[in-house]
Amino acid sequence: MDVQDLRLEDNDRLLRAKVETEEDLWALYATIRPGDVVFSRTSRELRGDGGGSRRKAMTLGVRVKELEYQPFTNRLRIRGVIEASPKELDLVGQHHTLSIEPGMELAIRREDRWRAEDLAELKRLSKGATYRALVVAVDDEEYAIALVHGSGVQELVEKDMRLPGKDQPEERERAQSSAMSEIARQVRRAIAEHGVHHLIVAGPAHWKEDLAALLRDLEGSGVRMLVDSTSYGGIKGIYEVLRRDAVKEVLRDAILMEELEAMDRINSIAARDPDLLAYSLDGVEEAVLNGAAEEVVVDSGLIRSPDAETSRRTLRLLDEARRTRTKITVLESRHPELRVWISSFGGIVAILRYRMRRERSANVYLGVDAAGGI
């Protein structure tokens, strides 16, 4: 979503945007909140006086209740109640779902105005989500090829190798050579189809090197290739290599990598000193208000919660965190491990600058220094 495609009107309450790519849909999904009103071209089934029906194209304004976006589906669905419609149709108050796709324009009205931070986040998410790399992981049992970008991991291919046993060395070698050539062909096709400029080849023992040797010529066409060791091939190998430092460097601009790094930081503290963590909306809110939070990691689902009070509390908490220069990481990707992990903290967790304890009688956090004094 190019900067030029974002325009503010109506005293910064109305944001106009043009959707250019699939990744822009994800950025909008992460930015639009329940209560916003989204205006877009759409179509709706209308019933005639004679009992028949016809589908009519129109522009509607829908007050958002729920958003649905699955990465790589090329469509953002926005459900809510119609707030603005052609006068002659009188559709206000009825439910409708907008379907937003690349190439469409839309306007989003936010009653409390669009802030500079909101626009900066929208641009950051859109830019980060467009980064892509192809990852292939292979061993003697299976292989997988996946496309990685800010909004998730798309599994393109996952297959068993089905090689003859080691007691048939000649047949096994021929089958292995054939299989590796086929994997290399699939990798080349995926790179061409998706416009990828980074390739990560992973696997145990000689498997990764054998495949990389068949793909070396890609480096002459502008593809950067990284070869790294994993314990497994297949999907397990892909997720394993995504955690490696060398791979994180290659994917340093990918939002998924930022989120995995945040999870690793918090897991390390949880193992070493769990008293330096606060979690749940209540716990993190107290820590932020007392200036004790160093970093907040929050599930975007809390920001977009259908419960208006939960959404408002989360936004207020993040505003206060920004004011106190607290680092904020909003989890947007659909990585299954991240989803389960952040849910275990009630959707939000904070790293503390110093240990806290909850005073039972006062129901507030009090700071505790290293010697145990207050």
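Biologist: Which residues does Ile 191 touch, not counting residues up to four places away in sequence?
Modeller: This is a predicted model, in which local features need pLDDT of at least 70 and side-chain atom pairs count only at pLDDT 80 or more, while totals for chains, interfaces and linings use all residues. Residues are numbered from 1 along each chain as its sequence is written, and side-chain values use heavy atoms, with hydrogens and water left out. With contact meaning heavy atoms within 4.5 Å, the residues that Ile 191 touches beyond those neighbours are Leu 134, Val 196, Leu 199, Leu 218 and Val 223.

Biologist: Does Ile 191 count as buried or exposed?
Modeller: Ile 191 is found in helix α3, where helices (H or I, at least four residues) and strands (E, at least two) are DSSP runs numbered from the N terminus. A residue is buried under 20% relative accessible area, exposed over 50% and partly exposed in between, judged with a 1.4 Å probe and protein chains only. Because its relative accessibility is 10%, Ile 191 counts as buried.

Biologist: How many Å separate the C-alpha atoms of Ile 191 and Arg 174?
Modeller: Along the chain, Ile 191 and Arg 174 are 17 residues apart.

Biologist: In what order do the strands β8 to β12 form their open sheet?
Modeller: Two strands pair if DSSP finds at least two bridges between them, and the pairing in this five-stranded sheet is mixed. The edge strands, each pairing on one side only, are β10 (152-160) and β12 (224-229). From one strand to the next the twist averages 15°, as given by axes that are lines fitted to C-alpha atoms (for helices over the stretch in contact), with angles running from 0 to 180 degrees between N-to-C directions. Read across the sheet, the order is β10-β9-β8-β11-β12.

Biologist: What is the bridge partner of Val 136 in β11?
Modeller: Strands β8 (residues 132-138) and β11 (residues 198-203) pair in the parallel sense, over four bridges. In β11, the partner of Val 136 is Val 201.

Biologist: Which strands does helix α5 touch as it packs on the sheet?
Modeller: Helix α3 (residues 169-194) lies across β8, β9 (142-149), β10 and β11, running at about 170° to β8. Helix α5 (residues 234-241) also packs on the sheet, and its direction makes about 40° with that of β9. Six of the eight residues of α5 are buried, so this helix is largely enclosed by the rest of the structure. The strands touched by α5 are β8, β9, β10, β11 and β12.

Biologist: In what order do the strands β1 to β7 form the other open sheet?
Modeller: Seven strands take part, and their pairing is antiparallel. β1 (7-9) and β6 stand at the edges with a single partner strand each, so one side of each is left without a neighbour in the sheet. Neighbouring strands are turned by 45° against each other on average, with direction ignored. The order of this sheet is β1-β2-β7-β3-β4-β5-β6.

Biologist: Which residue in β5 stands opposite Val 62?
Modeller: Strands β4 (residues 53-68) and β5 (residues 76-84) pair in the antiparallel sense over seven bridges. Val 64 has Gly 80 as its bridge partner in β5. Standing opposite Val 62 in β5 is Ile 82.

Biologist: Which side chain is joined to that of His 96 by a polar contact of 3.0 Å?
Modeller: His 96 lies in strand β6 (residues 95-100), and its relative accessibility of 8% is why His 96 counts as buried. Leaving aside neighbours within four places in sequence, His 96 is in contact with several residues, among them Ser 43, Leu 60 and Ile 78. A polar contact is a pair of N or O atoms within 3.5 Å; within protein, one must be able to donate a hydrogen and the other to accept it, and residues adjacent in sequence count only if both atoms are side-chain atoms. The side chain joined to that of His 96 in this way belongs to Thr 42.

Biologist: How many Å does helix α7 reach from its first C-alpha to its last?
Modeller: Helix α7 (residues 255-272) has 18 residues, and its buried residues include Leu 256, Met 263 and Ile 269. The expected span of a helix is 1.5 Å times one less than its number of residues. Close to the 26 Å expected, the reach of α7 is 26 Å.

Biologist: What percentage of the residues of the protein count as buried?
Modeller: The secondary structure comes to 11 helices and 18 strands, and the C-alpha trace spans about 75 × 75 × 40 Å along its principal axes. Of the 374 residues of the protein, the buried part is 48%.
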